[in-house]
Amino acid sequence: MQIIHTIKELREWRKTAGRVAFVPTMGNLHEGHLALVREARKRADHVVVSIFVNRLQFGQGEDFDKYPRTLQQDADKLSAEGVSVVFAPDEKELYPNVEQRYNVEPPHLQNELCGKFRPGHFRGVATVVSKLFNIVEPDTACFGKKDYQQLAIIKGLVEDLNINVEIVPVDTGRASDGLALSSRNQYLSGQERAEAPRLYRELNIIADALREGNLAYAELEQAAVEQLSESGWSVDYVEIRRADNLNIAHAGDKNLVVLAAARLGTTRLIDNIEVSL
């Protein structure tokens, strides 16, 4: 496995690489990331994993400076999974002008759900993913469903900008108690970690109610917010949306997704469940 730090070297490697599958990450890899890698391996001759903590997608007061940088441990895990290349540029390599002068602006969806609470986040995601697609030129790229809104925005980006890459959604990796795997889970205290699976349980309660024919969306959402709040969570949102485009759900929609974001202490957790009626 090669660890490549420059765009020039990666492009030289890419010339003779054949079919490439790509997994973009910010590092500090866990089993959820490795599931993306395993899916990628099924689809190409080579897998490229990028490791880059992207300043553009962090807001003021968020955890950019303390986000874990664990390149050597990550590389060891990826080598064991048969990855061909780790692309680990430094900030100056990917943003040579210090400030990114041209940004990719997603549509209104970037200001809803998580975007309402993290202004500019999805602009930063769309910009760095566009840059990485241009550099790696992958045939396919794997993204986790845990970041459901991000996945929707990346799908739209590829469609609207005619980027020649197949986007492959991969199911959310979970701990044995249901908690969605996330690098930020390590910020949880012991007590908070024990409480954290409640988020997934509340989403399941809504999903079960929907499958049983309860279409009182607002009431279901509010009940979950109240349960979480009473248990010490600070809730950003719990919402039922259309799964295909994240538009507001209406009676008669058959494919839904229930999404939530909430904080335990200082740690912000997100999760979702797809529901077919």
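On a 1 Å grid over the protein atoms alone, a pocket is an open set of points with protein on both sides within 12 Å along at least five of seven lines, and a cavity is a set where a 1.4 Å probe fits but cannot get out; lining residues have an atom within 4 Å of a point. The model is predicted: local features need pLDDT of at least 70, side-chain atom pairs count only at pLDDT 80 or more, and totals for chains, interfaces and linings use all residues. Numbering runs from 1 along each chain as its sequence is written, and side-chain values use heavy atoms, without hydrogens and water.

The second largest pocket is lined by 19 residues. Pro107, Ala152, Ile153, Gly156 and Leu157 lie nearest its centre. Helix α7 (residues 148-160) supplies the largest share of this lining, 7 residues. Helices are DSSP runs (H or I, at least four residues) and strands likewise (E, at least two), numbered from the N terminus.

One cavity of 30 Å³ or more was counted. The volume of the largest cavity is about 40 Å³, taken as the space filled by probe spheres set on grid points joined across faces, edges and corners. Its lining consists of Leu179, Ala180, Ala196, Leu199, Tyr200, Leu269, Ile270 and Asp271. Two elements, α9 (198-211) and β9 (267-276), each give two or more residues. β9 gives the most, with 3 residues.

The unreviewed UniProt entry annotates His33 as "active site"; such annotations may be inferred rather than shown by experiment. His33 lies in helix α2 (residues 31-41). His33 is buried, with a relative accessible area of 14% (buried, under 20%; exposed, over 50%; partly exposed, in between; 1.4 Å probe, protein chains only).
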